[in-house]
Amino acid sequence: MTAGISPAPGQDLDAAPHTLFDKVWNEHVVHAYADGSSLLYIDRHLLHEATSPQAFAGLRAARRKPWRTGSNLAVPDHSVPTQAREAPIRDPVARLQIETLSSNCRSFAIPLYELQDARQGIVHVIGPEQGASLPGMTIVCGDSHTSTHGALAAVAFGIGTSEVEHVLATQTLCAYKPRNMRVRFDGALPKGVTAKDMALALIEHVGTAGATGYAIEYAGSAVQALSVEGRMTLCNLAIEAGARCGLVEFDDITLAYLRDRPWAPHGERWDEAVRHWRLLQSDSGARFDAELVMDACSLAPMVTWGTSPDMAQPVDGHVPDPALVPDLAKRTAMTRALQYMALVPGTPMQEIHPQVIFIGSCTNSRIEDLRAAARMLDGRHIAPSVRRALVVPGSGLVKQQAEHEGLDRIFRAAGFEWRDAGCSMCVGMNDDVLAPGERCASTSNRNFEDRQGVGGRTHLVSPAMAAAAAVAGHFVDIREQA
């Protein structure tokens, strides 16, 4: 485990100003190759049932063992049922995946939070929650939204199945270094505007490929004011702008979040780690390959209208008209998206009526997210037009905390189903899926065609926006209620 920054052999970190990303990346380079790639040491490897079976099979076939078992942490999350956990899993594929993960972890001595463990949950929730994700680390997982962990001043990114095997076997990874991009959100967020809205506004502005080849460092007063949970939401969605990863510098908010986490250092080791973590900021004068400034004061609650996260509008806006877009490829994509979503150009966003509400996913299922939704629902009930409303906590510990605070009672009284932890409807690899044609206000991260169920129509929003839509039966501007 790497606690912070110290120069690699032959490297002088004081020779020139460095970005936060450069500091962490350069420290972990084991070997630089002539083609520009590097062999990178990996501090933490997170695993789940969907992308690990082939990797473990590869280890067996090559008669290899994991290099450092304690640097790994596994949990079932994608395929798990979010209700009736005491009963056998009905889906044979999901059951096999979860049983295989358990068997593999036992065989290779990999730490695992089983389905009945209170610590079980979405991999990108439990890593930070347990302190397994720490500042200055390199963190990988066979899941694209591993960028979430960058909120803790770490370099975190998703990898493929063959790379999962490589990391298990060697605790290293061959990779090309991304370029540096800094995105500043200056000013204070208006009431009702959240980290989810910041991320969607950025993606709408730059497009889903606008940050391709970059690591995004989020900065500015609005980012500094976010909780670690809000920063996780921001970093989680970095991948949707095309970035390899997203990260936020270490500060006292990070420090307070990590204190006393089970996997975090304790005692003298904690004090030593904090001294190193204090270095995890971009140096004054550090060069970024690209920079973008967003005016946080002008942001509004966002709602996606299409089948890509960049197809988004402020809630007081309208569904755009493809005919007004000169670019043929973009116009064609917009037209197809509107056909799939069954929307007409010019429709006010507030006249869109979701029939399903989903509050959960690795983007927005932490206790802060559930509190925000519960505030909107307290003393209210979902509209008659809403057929289903689900709240799926990001971990068993988040669920326990929510129940301790009475949030579950608010959700149930409002007409929501209160579920167990898991990815749930975000990815559609379990029982929680949309029916064809159903329209969903979702706090997840992707609104692709068929993502939440074949023919399902997804609108990405913040937890407060999803809860408010559940009550009204349509999207509303929560700034008027905040």
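Trainee: What makes the pair formed by the side chains of Glu114 and Ser102 a polar contact?

Mentor: In this predicted model, the side chain of Glu114 approaches that of Ser102 at 2.7 Å. A polar contact requires N or O atoms within 3.5 Å, one able to donate a hydrogen and the other to accept it, so the pair qualifies. Beyond its neighbours within four places in sequence, Glu114 is in contact with Pro76, Ser102, Arg106 and Gln120. The C-alpha atoms of Glu114 and Pro76 are 7.0 Å apart, although 38 residues separate the two along the chain.

Trainee: Why is Glu114 called partly exposed?

Mentor: Its relative accessible area is 32%. Buried means under 20% and exposed means over 50%, so Glu114 falls in between. Glu114 belongs to the loop between α3 (92-108) and α4 (123-130).

Trainee: How do you know that α4 is mostly covered?

Mentor: Eight of its eight residues are buried. They are Val123, His124, Val125, Ile126, Gly127, Pro128, Glu129 and Gln130. The cover over these residues includes β3 (44-47), β4 (72-74), β5 (138-141), α8 (228-236), α9 (252-258) and α13 (396-404). Gly131, which follows α4, has a positive phi near 75°.

Trainee: What makes both faces of β5 covered?

Mentor: Thr138 and Val140 on one side are buried, and so are Ile139 and Cys141 on the other. In a regular strand, side chains alternate between the two faces of the sheet.

Trainee: How do you know that β5 pairs with β3 and with β6?

Mentor: Pairing requires at least two bridges. β3 and β5 are joined by three bridges in the parallel sense, so they count as paired. Between β5 and β6 (residues 155-158) there are four bridges, also parallel, so this pair meets the criterion as well. As particular positions, His45 has Val140 of β5 as its bridge partner, and Cys141 stands opposite Gly158 in β6.

Trainee: Why are β16 and β18 called edge strands?

Mentor: Five strands form an open sheet with parallel pairing, in the order β16-β15-β14-β17-β18. β16 (417-418) and β18 (457-460) each pair on one side only. β18 is joined to β17 (residues 439-442) by four bridges, and the two strands run parallel. Within this pairing, Arg439 stands opposite Arg457 in β18.

Trainee: Asp432 lies in the loop between β16 and β17. Why is it called buried or exposed, whichever applies?

Mentor: Asp432 has a relative accessibility of 5%, and buried means under 20%, so Asp432 counts as buried. Apart from residues up to four places away in sequence, Asp432 touches Thr82, Leu390, Arg419, Ser424 and Met425. With Arg419 there is a polar contact between side chains, at 2.9 Å.

Trainee: What is the corresponding conclusion for Thr19, by accessibility?

Mentor: Thr19 has 1% relative accessibility, which is under 20%, and therefore counts as buried. Thr19 is found in the segment before α1 (20-27). A polar contact of 2.8 Å joins its side chain to that of Asn180. Its contacts beyond four places in sequence are Asn180, Ser282, Ala286, Arg287 and Phe288.

Trainee: What makes the phi values of Asp260 and Asp450 worth a remark?

Mentor: Most residues other than glycine have a negative phi. Asp260 has a positive phi, near 70°, and Asp450 also has a positive one, near 65°. Asp260 lies in the loop between α9 and α10 (268-277). Its relative accessibility is 62%, over the 50% limit, so Asp260 counts as exposed. Asp450 lies in the loop between β17 and β18. Its 36% falls between the limits of 20% and 50%, so Asp450 counts as partly exposed.

Trainee: Finally, why are α12 and α15 described as roughly parallel?

Mentor: Helix α12 (residues 367-377) packs against helix α15 (residues 463-472) at an angle of about 25°, with the axes 8 Å apart. Angles under 35 degrees count as roughly parallel, so the term applies to α12 and α15. The contact is made by Asp369, Ala372, Ala373, Met376 and Leu377 of α12 together with Pro463, Ala464, Ala467, Ala468 and Val471 of α15. The crossing of α12 and α15 is right-handed.

Definitions and conventions. Residues numbered from 1 in each chain as written. Predicted model: local features only at pLDDT ≥ 70, side-chain atom pairs only at ≥ 80, totals over all residues. Heavy atoms only, no water. Buried < 20%, exposed > 50% of the residue type's maximum accessible area, 1.4 Å probe, protein only. Contact = heavy atoms within 4.5 Å. Axes fitted to C-alpha atoms, helices over the stretch in contact; angles between N-to-C directions. Parallel < 35°, antiparallel > 145°, perpendicular 65-115°, else oblique. Left-handed = near helix turned anticlockwise from the far one by under 90°.
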